[in-house]
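Look at the sequence and the structure below before reading on.

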Amino acid sequence: MKKILSFLICLLWSANVYAAVGCDLNDPDRDVKRFFPNSTGYKTEYLSVEKAGGKELYNQMENELGDNFSGIYEKIDVPYTLYTVLDNETPVGYIHGVNQKGKYGGMQVFLTTDTKGIITNFYFQKLTSKNAKRLRSSDFGNQFVGLSLADFKDYDVQTGQAKNGSKINAIRNPAPESSDDFYAALRGVKKNLILMQHFIFDKQEQK
Amino acid sequence: MNLLTLAYKNLKRRKIRTGFTIIGIALSTWVLVTLLGFNKGYEQSLNKDIDAMGFQIVLTAKGCPYEAATLMLKGGTGLRYITESLFDDINKDMEVSAATPMLMHAEFDPYKGENGGTIVYLGVDNKTYPQMKSYFEFLAGNWFKNANAREVVLGYEAAELEQREIGDMMLLTGSEEEFTVVGILKRTGTQDDGMIFLPLKTLQEVFKKQNLLTMVGIQLQKEVNATAYEDKLYEIPDIQVVSMAQVKNTIISLVKSAKVIVFSIAFIAFLIAVFGVLNTVLMSVFERYQEIGILKSIGALPKHIFAMIWGETILLCSGGSIIGIVFSYLFADISENLARLFLPFAPNGSLIMLSPEIIITAFTAITLTGVLGGILPAIRAAHIRPLEAIRSDN
């Protein structure tokens, strides 16, 4: 009986290894507190481009990104999880993650912003790269702090180039031999900021 | 006006009471249909899950249960293995129709989440494994080209999470080598959906587990007695034998105890409903004491009164059963989700399988019990003396 139960545990466990396919925080309670130590709580919302604006918004976002969405993680109905961080009842920031295709595997690029859309933290929740350690270092992540969608507007995700003087050009790749992953990360950040703009800040402006 | 119409009109005269009685019967029917459907669905889904494993018997190294826990807690350190020579011996056995060696390997990925996580790889033989898992279908691509290829096949969910397509490269945690994605499986609804498959030899070589295996899957010749063969395997030292039949029986016995409790509750609910019907109809007979007396005085025979009262019971029970059957269809998903919450092991696929036989059985059982329960009030009504009834105050 014991061995059969253990065998079942083996089976069930392996089934659960990849059970979660959405881009949620692995441990929201811990992660929210880590990014916003003074927060008192958070609110979770599940959003999709389909619900937020349909095909029209989807096309608009592709234009803003400067690249076509592709793959199963960039479909119109992909569910996104938005964490609105609260101090008592007042929103003090947001946490939002996206999946991005990396050279050797999926990346999960999370950003935290203040209520105006300025990046306060950059976090690779998942990353498969030959230089994962360097790309996950705080030195790399800190380069995104203070940037916003406005800074990424002239950044071309296909060529990896931005206009002269752009703040994006100042972001240093800590692992030049893993340039594919570096550019994938930048694409992930731009896509994340565009989604946050439409999911949060556009709505706030409309109000 | 026939007696059934009269019975229907009588029930309509007491709408609230009739309504509540019907709801009681409907709830009992709902429970009964759902339980019968669960009885059928659970076993079928479990059989499907076990068959989907493709093996009749799985051999692992003794002590694996504890290592399974280790695998979860320590990221795969300290696993126990069996040697490939054992697989070779089994494969030569005339009683075995097919056998496949497997090596499961877990690596701790420090770059998964804040504190890292475990990744599991399954090394399989590119010739025997696909034969055993013949029901696997590819969404794209195919199995590995050769036994030493630096290639991976991904389960559906693994491909989703890793965002891999055919031809994409993959880096496996614990190795510096690059692997090419050559196949993505269609969703199977089993644990295989989340698996990263590699050629066995490659996995052994990359993770330095030469000649080691964690499992051997066995299929026996049709004429071979599986139990006798298992007994033979038990004689091999340091080996643990898990037969799929055993696994199935264990799960069924786990669920059986839960079923007994639920069936008992259903039986009580069923009895309550039957006594509810009896009480309702008996009350209505007492209330209509004078009315029945008048009916008899104007020529109604005891058999007419009996049929009228009995008709009311039949209408209540059949109406309630039909509503209950509709409920069980409408709320099958909710019932299934609830069952999944409480079951010790819930297989994939539909847990509640409603079929015409189940519906007919439940309808007949409830209506027949109602019919039997209606006999007493009908006899009481049939034996009312007209003069006595008319003279009475009630």
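A nonpolar core is a set of buried Ala, Val, Leu, Ile, Met, Phe, Trp, Tyr and Cys residues joined through C-beta atoms within 7 Å. A residue is buried if 20 or more other C-beta atoms lie within 10 Å of its own. In soluble globular proteins, nonpolar side chains tend to be buried together. The model described here is predicted.

By this definition, the largest nonpolar core has 100 residues. B:Val152, B:Leu154, B:Ile309 and B:Ala381 have the most contacts inside this core. Helix 2 (residues 15-52) of chain B supplies the largest share of the core, 12 residues. Leaving aside residues up to four places away in sequence, B:Ile309 touches B:Val281, B:Val285, B:Gly374, B:Pro377, B:Ala378 and B:Ala381. A second, separate core has 45 residues, including A:Cys23, A:Leu127, A:Ile168 and A:Leu186.

Chain A can now be taken by itself. Of its 207 residues, 39% count as buried. Its secondary structure consists of eight helices and five strands, which follow one another in the pattern α-α-β-α-α-β-β-β-β-α-α-α-α. Among contacts between residues of chain A at least 6 apart in sequence, 64% join residues at least 24 apart.

Five strands of chain A form an open sheet in the order 1-2-3-4-5, with antiparallel pairing. Strand 1 (41-47) and strand 5 (119-126) of chain A stand at the edges with a single partner strand each, so one side of each has no neighbour in the sheet. On average, neighbouring strands of this sheet are turned by 20° against each other, direction ignored. Strand 3 (residues 90-101) and strand 4 (residues 106-113) of chain A run antiparallel and are joined by eight bridges. Here A:Gln100 stands opposite A:Met107 in strand 4 of chain A.

Two helices of chain A pack on the sheet, as the table shows.

| Helix of chain A | Strands of chain A touched | Angle between directions |
|---|---|---|
| Helix 2 (residues 28-35) | strand 1, strand 2 (80-87), strand 3, strand 4 and strand 5 | about 55° with strand 2 |
| Helix 8 (residues 179-206) | strand 1, strand 2, strand 3 and strand 4 | about 135° with strand 3 |

Technical notes: Residues are numbered from 1 along each chain as its sequence is written. Chains are lettered from A and ligands numbered from 1 in the order in which they are written. This is a predicted model: local features need pLDDT of at least 70, side-chain atom pairs count only at pLDDT 80 or more; totals for chains, interfaces and linings use all residues. Helices (H or I, at least four residues) and strands (E, at least two) are DSSP runs, numbered from the N terminus. A residue is buried if 20 or more other C-beta atoms lie within 10 Å of its own, exposed if 12 or fewer, and partly exposed in between; C-beta atoms are placed from the backbone. Two residues are in contact if their C-beta atoms, placed from the backbone, lie within 7 Å. Two strands pair if DSSP finds at least two bridges between them. Axes are lines fitted to C-alpha atoms, for helices over the stretch in contact, and angles run from 0 to 180 degrees between N-to-C directions.
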